[in-house]
Structure formats: structure tokens, C-alpha cells
Amino acid sequence: LLEDANSKHIKAKCHLSLSELSRELNEHDLSLFHLSQGAKLTQNRDEKGMIYARLAEIAFNRNEYNLAEDAYLNVIAHSLSKEKVEDAHLQILKIYRSQNKYRSASKKIKSMLIDDKFKRIAGNLELELVQLYKAQGETSEIETRLETIVNEYQRTPVSAEAYFQLGELYSSEKWDLDKAKECFDAVSKESSKSIFSPMAKSRSKAIELYRDSQLDINTHHKIMTIDSSKTVKNDSSDLSISLVPPKKSIPELYYQIADLEAFTFRRYEESISYLNKIITDYSESIFTPKSIFALVFVYKAVGDSVAARNYQNKLLLKFPTSEYSSFFNKDTIKSQSLQHNTYHQAELESKNNPLLAIATYKLALSMDIHSDLAAPAVYSIGYYYDQEALVDSALKYYNELIENYPDSEQGKVVSGRIKLLNNIMAISNNDSLNTNEQGPN
């Protein structure tokens with residue numbers, strides 16, 4: 001029909017249908033080609049704008065930035081929706097930032113901020129300017145700009161996002177957990193609909209968990225001090241002090257803190273210190289091989305492949321039969337029942353301590369990436385990172401589901417979540433357009 005038809009309208013419909021068919025067949029490049037051709041041939045302006053918007057979104061999510069930029073420019077030229085046009089401008093700014101075109105992005109932002117036509121998205125432009133500062137390492141400007149945003153755009157998704165970024169700043173670079181928690185708690189108060197609200201709540205809970213773990217460790221030490229004092233004095237009295245021992249042991253609490261330090265607060269040196277303390281002071285603990293295992297990934301995160309390899313070898317040497325050694329020694333993994341047992345163990349761990357379950361899920365996955373348990377394991381890992389607001393890691397495993405296990409039950413349910421997380425990564429919050437609306441420009 002495409003070859004025989006003379007009508008542009010019919011040809012456009014053919015290309016759009018072929019685009020959908022190609023997408024179902026996972027022929028993504030061909031799908032984008034037909035979508036682009038369909039957009040060019042469509043004559044209705046509003047329909048043309050909508051097709052280009054879809055093309056732009058797909059290309060952007062696939063990191064095909066040149067195609068995405070061209071499509072967004074066509075959205076600006078053809079769309080009758082003011083919101084879509086504004087969003088297209090914001091997405092072009094993100095493309096510039098992704099391509100390290102900082103000067104072009106800065107120039108575009110500043111020109112838009114003084115144009116009344118873009119007053120409705122002024123807060124979003126300010127936030128994008130913050131992202132530019134981050135990308136260029138201009139850290140001195142970030143806190144001041146964010147403080148200005150939360151004051152000028154109160155009770156909006158824009159201020160909610162700014163509070164989230166301030167919380168991230170205080171919980172990483174400045175290490176002020178009191179201020180960080182205040183900022184994270186403020187996110188939902190500013191806008192309950194903010195896409196950053198669930199992440200902020202997760203960060204706030206992580207700070208509480210961090211503090212509780214430290215208090216429990218102090219309680220353990222107080223109890224040991226009291227017990228030692230009783231022994232020295234040969235005294236059986238309770239010294240008028242009644243302390244309830246924490247449910248978790250000291251090495252487990254250290255491990256919990258180390259995990260938070262590395263994978264929530266991204267303070268890798270502190271995490272390394274806690275993990276080494278477990279290995280040195282609690283060498284007989286079940287958390288010793290787990291700590292060595294964790295150090296492999298922490299050192300990989302900081303780019304120290306030599307140290308990562310050393311700890312991997314240490315794990316294989318000292319704990320050759322442990323499940324963590326099996327993660328690296330693929331030759332020992334031959335039994336399918338072993339994968340089922342390992343997966344089941346991860347399921348049990350996830351109910352009580354999800355922080356410890358991830359390594360076990362990864363171990364189960366490494367045993368056979370083609371088994372029936374592979375997709376559930378990938379989903380469980382992605383879901384954990386999602387709940388902990390580690391968006392990069394969550395997207396990695398969710399996308400792995402789509403690419404490698406598209407027909408699995410888990411693969412079918414994460415597409416919507418992937419889109420939302422991509423929006424978070426792009427720092428795109430369309431709710432603010434409606435909240436901040438100040439009339440037509």
C-alpha cells in the first residue's frame with residue numbers, strides 16, 4: 001500500500017502503522033525511521049506536533065540526542081499545545097547538557113528567563129540552571145540558587161524538587177543529616193504530587209535508619225562497659241541501669257551503616273572503613289564474607305579495579321565455599337537446584353533485611369541468566385534500588401528486564417515505571433506547569 005498510494009495521508013498512516021509493528025518486533029531503529037517519515041508526511045499541524053512529540057520522547061530515552069533535538073524543534077514549530085512546546089524547550093536544554101553544550105544551554109536559559117512568554121516555566125529553567133552548575137562543577141553556586149528557588153516558588157513541584165536537591169547536597173557533600181532530613185521532609189509538604197516525594201521519604205527513612213543503627217551500636221558498647229565493670233568488681237547488681245540489648249548484632253549494624261554510606265549517601269571512604277572494621281574486629285561473624293564481597297563492589301564504584309580484584313581474591317581464598325565466592329567462581333555453579341535454593345534464601349532475607357538480600361539475588365542471577373528465576377531476580381534487584389531511590393541502578397535492571405525478558409510477567413509491568421524514572425533522571429516535572437500557571441502569555 002505504501003508503494004502504490006499517491007495520497008500523503010495514506011502514506012503517513014502506513015508509516016505510522018509500520019512504526020508500531022516494528023516496535024512490537026523490537027526493531028527500534030526501523031520503528032523510529034517510520035515514525036519520522038510519518039511525521040514528515042502528516043499535514044494536520046496538531047497531529048504532526050503530537051507525532052513529533054512521540055518521536056522526540058523515544059529518541060531521547062534511547063540517547064539519540066540529535067534525532068531528539070530535531071524532533072523537539074518540530075514540536076515547537078507545529079504543536080498547538082503550549083505545554084508541549086514549553087516541555088520541548090526544556091528537553092532541548094537537557095540535550096545540550098547531555099552533550100556538554102553548556103554555553104549554549106546557559107545562553108538559552110538566560111534568554112528564556114527574561115522572556116515573559118516562558119514565565120510559566122521559570123522555576124523549571126532555574127532548576128535546569130542548577131543542573132548546569134553541577135555538570136560544570138560550580139558547587140559554590142548550587143546551594144544559593146536552590147535556596148532562592150524554594151523561597152520564590154513555594155508550595156509548587158519546583159520548590160519540592162529544589163528541597164530534594166538540597167537534601168541530597170546536605171546528605172552527601174556537606175554531611176549535615178539534620179538539615180538533610182528537614183529538606184527531604186519538606187518535599188511532600190511543598191507538593192504531595194511531586195515525583196520526588198517517594199524518593200524523599202525513602203531518604204528520610206534512610207537517615208533515621210542510620211541514626212538508629214548508631215544508637216544501637218552505642219547501646220551495645222554501654223552494655224559491654226557495664227558487664228566489664230561488673231566483672232572487675234565481682235558485682236552482680238545491675239548498677240541501677242537497665243539496657244535492652246538491640247536485636248541486631250554489632251557487625252550487622254556496621255554492615256547496615258556501611259551499605260547506607262556507600263549506596264545511599266555515596267560516602268565510599270566511610271563505607272570502606274566500616275566494612276574493614278567488621279573484617280578486622282569481627283572476623284568470625286557471618287558478616288565478614290559479606291563485607292569482603294561488598295568491598296569488591298565499593299571499590300569498583302570508586303574505580304579502583306586493583307583493590308576490587310584483591311578483595312575478590314581474598315574472598316575466594318578465605319571463604320572458598322561461601323555463596324559469595326560462588327558469585328565469582330562460576331565453575332562451582334552447576335546445579336539448577338542451587339540457584340533455586342539461593343533465590344529462596346534471597347526471598348527470606350528480603351523480608352527481614354533487604355539490604356542483605358541484593359547480593360544473594362545477584363548470586364542467584366549469575367548462576368543461570370536464562371532460567372525461569374532470572375527475570376524475578378532482576379526485578380527484585382531493580383525494585384530494591386527503586387525503593388531506595390537509586391534511580392540509575394533501578395533503570396539499569398528494569399531496562400535489562402525489557403531487553404532480555406520482554407515476555408516475562410515482570411518485564412510487562414515495568415515499562416510505566418521506566419518512563420517515570422526517566423522523567424526523574426531528566427529532571428522533568430510537568431506538574432509545575434499547571435501549578436505555576438499565571439495566565440496566557
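This is a predicted model: local features need pLDDT of at least 70, side-chain atom pairs count only at pLDDT 80 or more; totals for chains, interfaces and linings use all residues.

**Helix α13**

I began with burial along α13, where Ser271, Ile272, Tyr274, Leu275, Ile278 and Ile279 come out as buried. Looking down the axis, I found these buried residues within an arc of 165°, so they line one face of the helix. I then checked the face turned away from the buried side, and it carries the exposed residues Glu269 and Thr280.

Next I checked the length of α13. Its 14 residues, 268–281, should span 20 Å at 1.5 Å a residue, and the end C-alpha atoms are 20 Å apart, which agrees.

**Second largest pocket**

What is the volume of the second largest pocket? I get about 610 Å³. I count 26 lining residues, with Phe263, Phe297, Lys362, Tyr385 and Ser393 nearest the centre.

I also looked up which helices take part. At least two lining residues each come from α12 (250–263), α13, α14 (287–301), α18 (354–367), α19 (374–387) and α20 (391–404). The most comes from α14, with six residues. Sorted by class, the lining of this pocket has 18 nonpolar, two polar and six charged residues.

**Cysteines**

Last, I looked for disulfides, taking sulfur atoms within 2.5 Å as the cut-off, and the count is zero. Cys14 is buried at 12% relative accessible area, and Cys183 also counts as buried, at 8%.

Methods: Residues are numbered from 1 along each chain as its sequence is written. Side-chain values use heavy atoms; hydrogens and water are left out. Helices (H or I, at least four residues) and strands (E, at least two) are DSSP runs, numbered from the N terminus. The expected span of a helix is 1.5 Å times one less than its number of residues. Buried means under 20% relative accessible area, exposed over 50%, partly exposed in between (1.4 Å probe, protein chains only). The arc is that of the directions from the helix axis to the C-beta atoms. On a 1 Å grid over the protein atoms alone, a cavity is a set of points where a 1.4 Å probe fits but cannot get out, and a pocket is an open set with protein on both sides within 12 Å along at least five of seven lines; lining residues have an atom within 4 Å of a point. Grid points are joined across faces, edges and corners, and a volume is the space filled by probe spheres set on the points. Ala, Val, Leu, Ile, Met, Phe, Trp, Tyr, Cys and Pro count as nonpolar, Asp, Glu, Lys and Arg as charged, and the others, Gly among them, as polar.
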